[in-house]
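Let's take a friendly walk through a protein model together. Keep the structure open beside the text and look for each part as it comes up.

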Amino acid sequence: MEIAFEKVNYWYQAGTPFAVQALYDINLNIPAGEFTAVIGQTGSGKSTLIQHLNALLKPTEGQVVIGDRTITSETKNKHLKPLRKKVGLVFQFPENQLFEETVLKDIAFGPQNFGISVEEATRLAHETAKMVGLDDSLLERSPFDLSGGQMRRAAIAGVLALEPDVLVLDEPTAGLDPRGRNEIMGLVRQLQVERHLTIVLITHQMNDVADYADHVIVMAHGHMVKQGTPRDVFSDVDWLTAHQLELPSATAYANKLMQQGFVFDPIPLTADELADQLVPQINKKGVADNG
Ligand SMILES: Nc1ncnc2c1ncn2[C@@H]1O[C@H](COP(=O)(O)OP(=O)(O)OP(=O)(O)O)[C@@H](O)[C@H]1O
(Lines give C-alpha, C1' and ligand atoms only; values in the text may rest on other atoms or scores of the structure.)
Protein backbone atom coordinates (compact mmCIF):
# COMPACT_ATOMS: atom_id res chain seq x y z
CA MET A 1 0.00 0.00 0.00
CA GLU A 2 1.57 3.23 -1.20
CA ILE A 3 1.49 6.27 1.09
CA ALA A 4 1.98 9.88 -0.04
CA PHE A 5 2.11 13.15 1.88
CA GLU A 6 1.01 16.16 -0.17
CA LYS A 7 1.81 19.64 1.18
CA VAL A 8 1.23 18.54 4.78
CA ASN A 9 1.44 21.12 7.56
CA TYR A 10 0.64 20.11 11.11
CA TRP A 11 0.09 22.23 14.21
CA TYR A 12 -0.46 20.85 17.70
CA GLN A 13 -3.30 22.76 19.40
CA ALA A 14 -4.11 24.38 16.04
CA GLY A 15 -6.21 27.51 16.26
CA THR A 16 -5.33 28.19 19.91
CA PRO A 17 -2.80 30.62 21.39
CA PHE A 18 -0.68 27.52 22.21
CA ALA A 19 -0.42 26.31 18.60
CA VAL A 20 2.95 24.68 17.78
CA GLN A 21 3.82 23.90 14.18
CA ALA A 22 5.50 20.46 14.05
CA LEU A 23 5.43 19.69 10.29
CA TYR A 24 6.11 22.11 7.44
CA ASP A 25 5.07 21.49 3.82
CA ILE A 26 5.86 17.77 3.77
CA ASN A 27 5.79 16.07 0.36
CA LEU A 28 6.98 12.48 0.38
CA ASN A 29 6.25 8.94 -0.77
CA ILE A 30 6.57 5.75 1.21
CA PRO A 31 6.97 2.97 -1.36
CA ALA A 32 4.87 -0.18 -0.90
CA GLY A 33 6.77 -3.26 0.26
CA GLU A 34 9.93 -1.30 1.04
CA PHE A 35 11.75 -0.60 4.28
CA THR A 36 11.71 3.13 5.00
CA ALA A 37 13.78 4.58 7.85
CA VAL A 38 12.90 7.98 9.35
CA ILE A 39 15.84 9.72 10.98
CA GLY A 40 16.48 13.14 12.50
CA GLN A 41 17.32 14.75 15.80
CA THR A 42 15.06 14.77 18.84
CA GLY A 43 12.10 17.07 18.24
CA SER A 44 12.53 17.07 14.44
CA GLY A 45 8.99 15.78 13.84
CA LYS A 46 9.50 12.03 13.32
CA SER A 47 6.79 10.86 15.74
CA THR A 48 4.37 13.51 14.48
CA LEU A 49 5.03 12.34 10.92
CA ILE A 50 4.39 8.67 11.58
CA GLN A 51 1.18 9.33 13.49
CA HIS A 52 -0.20 10.65 10.19
CA LEU A 53 0.32 7.19 8.64
CA ASN A 54 -2.83 5.77 10.27
CA ALA A 55 -4.63 9.08 10.81
CA LEU A 56 -3.98 9.16 14.52
CA LEU A 57 -3.08 12.73 13.63
CA LYS A 58 -4.68 14.40 10.63
CA PRO A 59 -2.94 17.09 8.60
CA THR A 60 -3.96 20.61 9.59
CA GLU A 61 -3.34 21.52 5.94
CA GLY A 62 -2.66 19.33 2.90
CA GLN A 63 -3.46 15.63 2.64
CA VAL A 64 -2.10 12.16 3.27
CA VAL A 65 -3.05 9.50 0.71
CA ILE A 66 -2.95 6.00 2.22
CA GLY A 67 -3.84 3.38 -0.38
CA ASP A 68 -7.33 4.32 -1.54
CA ARG A 69 -8.00 6.69 1.40
CA THR A 70 -7.29 10.41 1.43
CA ILE A 71 -6.96 11.97 4.88
CA THR A 72 -7.44 15.71 5.38
CA SER A 73 -8.33 17.91 8.36
CA GLU A 74 -11.98 17.30 7.40
CA THR A 75 -11.81 13.49 7.65
CA LYS A 76 -14.17 12.18 10.33
CA ASN A 77 -12.92 9.65 12.87
CA LYS A 78 -15.95 7.48 12.22
CA HIS A 79 -14.68 5.56 9.22
CA LEU A 80 -11.02 5.15 10.16
CA LYS A 81 -11.14 1.66 11.72
CA PRO A 82 -10.32 -0.23 8.49
CA LEU A 83 -7.33 2.08 7.97
CA ARG A 84 -6.09 1.58 11.55
CA LYS A 85 -6.19 -2.18 10.90
CA LYS A 86 -4.21 -1.88 7.66
CA VAL A 87 -1.53 0.37 9.15
CA GLY A 88 -0.25 -1.00 12.45
CA LEU A 89 1.61 1.43 14.70
CA VAL A 90 4.05 0.25 17.37
CA PHE A 91 4.86 3.09 19.76
CA GLN A 92 8.08 3.55 21.74
CA PHE A 93 8.30 1.09 24.64
CA PRO A 94 5.12 -0.70 23.50
CA GLU A 95 5.44 -3.19 26.38
CA ASN A 96 4.18 -0.40 28.66
CA GLN A 97 0.77 -1.00 27.09
CA LEU A 98 0.61 -4.72 27.91
CA PHE A 99 -2.10 -5.22 30.49
CA GLU A 100 -3.91 -8.57 30.17
CA GLU A 101 -3.50 -11.56 32.51
CA THR A 102 -1.74 -13.67 29.91
CA VAL A 103 0.46 -13.05 26.89
CA LEU A 104 -2.07 -14.84 24.68
CA LYS A 105 -4.97 -12.63 25.83
CA ASP A 106 -2.87 -9.54 25.30
CA ILE A 107 -2.01 -10.45 21.71
CA ALA A 108 -5.66 -11.40 21.02
CA PHE A 109 -6.98 -8.13 22.48
CA GLY A 110 -6.37 -6.07 19.29
CA PRO A 111 -8.28 -8.32 16.86
CA GLN A 112 -11.16 -8.69 19.36
CA ASN A 113 -11.32 -4.93 19.63
CA PHE A 114 -11.81 -4.87 15.86
CA GLY A 115 -14.82 -7.21 16.16
CA ILE A 116 -13.08 -10.51 15.44
CA SER A 117 -14.47 -13.54 17.38
CA VAL A 118 -12.58 -14.83 20.43
CA GLU A 119 -11.77 -18.11 18.62
CA GLU A 120 -10.38 -16.39 15.53
CA ALA A 121 -8.48 -13.80 17.64
CA THR A 122 -6.94 -16.65 19.67
CA ARG A 123 -5.91 -18.43 16.47
CA LEU A 124 -4.35 -15.21 15.16
CA ALA A 125 -2.58 -14.68 18.51
CA HIS A 126 -1.00 -18.15 18.33
CA GLU A 127 0.06 -17.53 14.71
CA THR A 128 1.60 -14.11 15.40
CA ALA A 129 3.30 -15.27 18.61
CA LYS A 130 5.05 -17.89 16.50
CA MET A 131 5.88 -15.29 13.86
CA VAL A 132 7.67 -13.10 16.43
CA GLY A 133 9.47 -16.08 17.97
CA LEU A 134 7.53 -16.40 21.24
CA ASP A 135 7.38 -20.01 22.30
CA ASP A 136 3.94 -21.54 23.04
CA SER A 137 5.09 -22.25 26.61
CA LEU A 138 5.15 -18.47 27.29
CA LEU A 139 1.62 -17.73 26.13
CA GLU A 140 -0.22 -18.59 29.35
CA ARG A 141 2.20 -16.57 31.48
CA SER A 142 1.67 -13.02 32.64
CA PRO A 143 3.25 -10.59 30.15
CA PHE A 144 5.08 -9.08 33.12
CA ASP A 145 7.02 -12.33 33.68
CA LEU A 146 8.68 -12.03 30.26
CA SER A 147 12.15 -10.61 29.61
CA GLY A 148 12.41 -7.11 28.11
CA GLY A 149 12.97 -8.45 24.59
CA GLN A 150 10.11 -10.95 24.91
CA MET A 151 7.73 -8.25 26.18
CA ARG A 152 8.64 -6.11 23.20
CA ARG A 153 7.93 -9.03 20.86
CA ALA A 154 4.59 -9.71 22.56
CA ALA A 155 3.61 -6.06 22.06
CA ILE A 156 4.62 -6.19 18.39
CA ALA A 157 2.64 -9.45 18.01
CA GLY A 158 -0.45 -7.61 19.29
CA VAL A 159 -0.20 -5.21 16.35
CA LEU A 160 0.65 -7.96 13.85
CA ALA A 161 -2.45 -9.91 14.94
CA LEU A 162 -4.48 -7.24 13.13
CA GLU A 163 -2.81 -8.49 9.91
CA PRO A 164 -1.66 -5.03 8.76
CA ASP A 165 -0.16 -4.27 5.32
CA VAL A 166 2.03 -1.54 6.79
CA LEU A 167 3.98 -1.81 10.05
CA VAL A 168 5.18 1.46 11.58
CA LEU A 169 7.62 1.27 14.49
CA ASP A 170 8.92 4.12 16.67
CA GLU A 171 12.43 3.15 17.85
CA PRO A 172 11.59 -0.53 18.39
CA THR A 173 15.06 -1.39 19.73
CA ALA A 174 15.32 1.42 22.33
CA GLY A 175 16.45 0.17 25.72
CA LEU A 176 17.23 -3.40 24.58
CA ASP A 177 20.62 -5.10 24.89
CA PRO A 178 22.59 -5.79 21.67
CA ARG A 179 21.16 -9.29 21.32
CA GLY A 180 17.58 -8.06 21.82
CA ARG A 181 18.22 -5.28 19.29
CA ASN A 182 19.49 -7.72 16.66
CA GLU A 183 16.54 -10.02 17.24
CA ILE A 184 13.99 -7.24 16.79
CA MET A 185 15.72 -5.89 13.66
CA GLY A 186 15.93 -9.44 12.25
CA LEU A 187 12.21 -9.88 12.92
CA VAL A 188 11.33 -6.60 11.20
CA ARG A 189 13.37 -7.56 8.14
CA GLN A 190 11.74 -11.01 8.09
CA LEU A 191 8.27 -9.42 8.17
CA GLN A 192 9.20 -7.26 5.20
CA VAL A 193 10.69 -10.09 3.14
CA GLU A 194 8.41 -13.00 4.03
CA ARG A 195 5.11 -11.24 4.75
CA HIS A 196 5.65 -8.45 2.21
CA LEU A 197 4.86 -5.79 4.79
CA THR A 198 5.73 -2.17 4.12
CA ILE A 199 7.99 -1.11 7.00
CA VAL A 200 8.40 2.41 8.37
CA LEU A 201 10.87 2.67 11.22
CA ILE A 202 12.04 5.61 13.30
CA THR A 203 15.57 5.05 14.49
CA HIS A 204 18.66 6.78 15.86
CA GLN A 205 20.78 3.73 14.91
CA MET A 206 22.54 4.61 11.68
CA ASN A 207 23.97 1.09 11.41
CA ASP A 208 20.40 -0.24 11.23
CA VAL A 209 19.58 2.28 8.50
CA ALA A 210 22.63 1.13 6.51
CA ASP A 211 21.90 -2.57 7.10
CA TYR A 212 18.15 -2.67 6.54
CA ALA A 213 16.62 0.40 4.87
CA ASP A 214 15.77 0.74 1.18
CA HIS A 215 14.62 4.31 1.59
CA VAL A 216 15.48 7.05 4.11
CA ILE A 217 13.58 10.17 5.13
CA VAL A 218 15.56 12.81 7.02
CA MET A 219 13.65 15.26 9.22
CA ALA A 220 14.99 18.50 10.73
CA HIS A 221 12.95 21.14 12.61
CA GLY A 222 9.68 19.83 11.14
CA HIS A 223 10.95 19.85 7.54
CA MET A 224 11.83 16.88 5.39
CA VAL A 225 15.36 17.85 4.41
CA LYS A 226 16.32 14.78 2.37
CA GLN A 227 14.92 11.52 1.07
CA GLY A 228 16.69 8.80 -0.89
CA THR A 229 18.61 5.55 -0.55
CA PRO A 230 20.97 5.08 2.43
CA ARG A 231 23.82 5.73 -0.02
CA ASP A 232 22.27 9.03 -1.16
CA VAL A 233 21.93 10.11 2.47
CA PHE A 234 25.25 8.90 3.88
CA SER A 235 27.48 9.95 0.97
CA ASP A 236 27.47 13.62 1.92
CA VAL A 237 29.43 13.66 5.18
CA ASP A 238 29.62 17.46 5.43
CA TRP A 239 25.85 17.73 5.02
CA LEU A 240 25.27 15.09 7.72
CA THR A 241 27.66 16.81 10.11
CA ALA A 242 25.89 20.13 9.51
CA HIS A 243 22.61 18.42 10.46
CA GLN A 244 24.25 16.78 13.51
CA LEU A 245 23.53 13.30 12.20
CA GLU A 246 25.86 10.39 12.77
CA LEU A 247 27.35 8.11 10.14
CA PRO A 248 27.09 4.32 10.12
CA SER A 249 30.21 2.94 11.89
CA ALA A 250 31.66 1.47 8.68
CA THR A 251 31.25 4.79 6.87
CA ALA A 252 32.83 6.75 9.74
CA TYR A 253 35.73 4.29 9.80
CA ALA A 254 36.22 4.52 6.02
CA ASN A 255 36.27 8.32 6.29
CA LYS A 256 39.09 8.15 8.84
CA LEU A 257 41.02 5.73 6.62
CA MET A 258 40.61 8.07 3.64
CA GLN A 259 42.58 10.64 5.63
CA GLN A 260 45.38 8.02 5.76
CA GLY A 261 45.38 7.63 1.99
CA PHE A 262 42.97 4.71 1.57
CA VAL A 263 40.51 5.06 -1.31
CA PHE A 264 36.83 4.02 -1.20
CA ASP A 265 34.47 4.25 -4.11
CA PRO A 266 31.61 4.01 -3.39
CA ILE A 267 31.85 4.87 0.29
CA PRO A 268 31.08 1.70 2.33
CA LEU A 269 27.93 1.69 4.46
CA THR A 270 28.24 -1.71 6.13
CA ALA A 271 31.04 -3.78 7.67
CA ASP A 272 30.92 -6.20 4.70
CA GLU A 273 31.25 -3.39 2.16
CA LEU A 274 34.13 -1.92 4.17
CA ALA A 275 35.97 -5.25 4.33
CA ASP A 276 35.45 -5.90 0.60
CA GLN A 277 37.24 -2.67 -0.31
CA LEU A 278 39.74 -2.55 2.54
CA VAL A 279 41.25 -6.03 2.43
CA PRO A 280 42.66 -5.74 -1.14
CA GLN A 281 44.17 -2.33 -0.25
CA ILE A 282 45.82 -3.71 2.91
CA ASN A 283 47.17 -6.71 0.98
CA LYS A 284 48.54 -4.44 -1.74
CA LYS A 285 50.08 -2.10 0.86
CA GLY A 286 51.64 -5.11 2.65
CA VAL A 287 53.25 -6.25 -0.59
CA ALA A 288 54.55 -2.72 -1.31
CA ASP A 289 55.90 -2.31 2.27
CA ASN A 290 57.67 -5.67 2.13
CA GLY A 291 58.86 -5.49 -1.36
N1 LIG B 1 1.41 17.04 22.14
C2 LIG B 1 2.19 18.04 21.76
N3 LIG B 1 1.85 19.32 21.96
C4 LIG B 1 2.64 20.34 21.56
N5 LIG B 1 3.81 20.20 20.91
C6 LIG B 1 4.21 18.93 20.67
C7 LIG B 1 3.44 17.80 21.08
N8 LIG B 1 4.10 16.66 20.69
C9 LIG B 1 5.23 17.08 20.08
N10 LIG B 1 5.29 18.44 20.07
C11 LIG B 1 6.36 19.27 19.47
O12 LIG B 1 6.42 18.96 18.08
C13 LIG B 1 7.77 18.92 17.62
C14 LIG B 1 8.07 17.56 16.98
O15 LIG B 1 7.99 16.55 17.98
P16 LIG B 1 8.13 15.00 17.65
O17 LIG B 1 7.80 14.25 18.90
O18 LIG B 1 7.32 14.68 16.43
O19 LIG B 1 9.68 14.87 17.32
P20 LIG B 1 10.60 13.57 17.21
O21 LIG B 1 11.54 13.81 16.10
O22 LIG B 1 9.74 12.37 17.15
O23 LIG B 1 11.40 13.57 18.60
P24 LIG B 1 12.00 12.32 19.45
O25 LIG B 1 13.17 11.78 18.68
O26 LIG B 1 12.40 12.97 20.74
O27 LIG B 1 10.87 11.32 19.63
C28 LIG B 1 8.64 19.22 18.84
O29 LIG B 1 8.93 20.60 18.81
C30 LIG B 1 7.74 18.90 20.01
O31 LIG B 1 8.07 19.68 21.13
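## Domains and how they touch

The protein chain is divided into domain 1, which covers 31–50 + 76–246, and domain 2, which covers 248–291. Keep in mind as you look around that this is a predicted model. Taken over C-alpha atoms, the centres of domain 1 and domain 2 are separated by 34 Å. To the contact between them, domain 1 gives 10 residues and domain 2 gives 8 residues.

Now turn to the side of domain 1 that touches domain 2. Helix 7 (206–212) and helix 8 (230–234) each supply at least two residues of this side. The largest share, 5 residues, comes from helix 7. Sorted by class, this side of domain 1 has 6 nonpolar, 2 polar and 2 charged residues.

Which order do the strands of the open sheet of 6 strands follow? The order is 6-7-8-3-9-10, and the pairing is mixed. Strand 6 (87–90) and strand 10 (223–228) stand at the edges with a single partner strand each, so one side of each has no neighbour in the sheet. From one strand to the next, the twist averages 15 degrees.

You can find Val87 opposite Val166 in strand 7. Helices pack on this sheet too. Helix 5 touches strand 6 and strand 7, and its direction makes about 160 degrees with that of strand 6. Helix 6 (residues 178–195) touches strand 3 (35–39), strand 7 and strand 8 (198–202), and its direction makes about 155 degrees with that of strand 8.

## Two helices side by side

Two packed helices are described by the angle between their axes and the distance between the axes. Is the crossing of helix 3 and helix 5 left-handed or right-handed? The crossing is right-handed.

On the helix 3 side, the residues that meet helix 5 are Val103, Asp106, Ile107, Phe109 and Gly110, and on the helix 5 side they are Ala154, Ala157, Gly158 and Val159. The residues of this contact divide into 6 nonpolar, 2 polar and 1 charged.

| Strand pair | Sense | Bridges |
|---|---|---|
| Strand 1 (residues 3–12) and strand 2 | antiparallel | 7 bridges |
| Strand 1 and strand 4 (residues 61–66) | antiparallel | 5 bridges |
| Strand 4 and strand 5 | antiparallel | 3 bridges |

Phe5 has Leu28 in strand 2 as its bridge partner. Ala4 stands opposite Val65 in strand 4, and Ile66 stands opposite Arg69 in strand 5. As a general point, the side chains of a regular strand alternate between the two faces of the sheet.

## Around the ligand

Which residues are around the ligand? They are Tyr12, Val20, Ala22, Gly40, Thr42, Gly43, Ser44, Gly45, Lys46, Ser47 and Thr48. Strand 2 (20–30) and helix 1 (46–50) each supply at least two residues of this shell. Helix 1 provides the largest share, 3 residues. By class, the shell around the ligand has 3 nonpolar, 7 polar and 1 charged residues.

Asp25 has its place in strand 2. Its phi is near 45 degrees, a positive value in a residue other than glycine.

The other detail is a peptide bond. From Asp265 to Pro266 the peptide bond is cis, with omega near 0 degrees. To see this spot, look in the loop between helix 10 (249–259) and helix 11 (271–290), where Pro266 is found.

Definitions and conventions:
Residues are numbered from 1 along each chain as its sequence is written. This is a predicted model: local features need pLDDT of at least 70, side-chain atom pairs count only at pLDDT 80 or more; totals for chains, interfaces and linings use all residues. A residue is near a molecule or strand if its C-beta atom, placed from the backbone, lies within 6 Å of it. Helices (H or I, at least four residues) and strands (E, at least two) are DSSP runs, numbered from the N terminus. Ala, Val, Leu, Ile, Met, Phe, Trp, Tyr, Cys and Pro count as nonpolar, Asp, Glu, Lys and Arg as charged, and the others, Gly among them, as polar. Domain bounds come from an automatic or database domain assignment. Two residues are in contact if their C-beta atoms, placed from the backbone, lie within 7 Å. A crossing is left-handed if the near helix is turned anticlockwise from the far one by less than a right angle, and right-handed if clockwise. Two strands pair if DSSP finds at least two bridges between them. Axes are lines fitted to C-alpha atoms, for helices over the stretch in contact, and angles run from 0 to 180 degrees between N-to-C directions.
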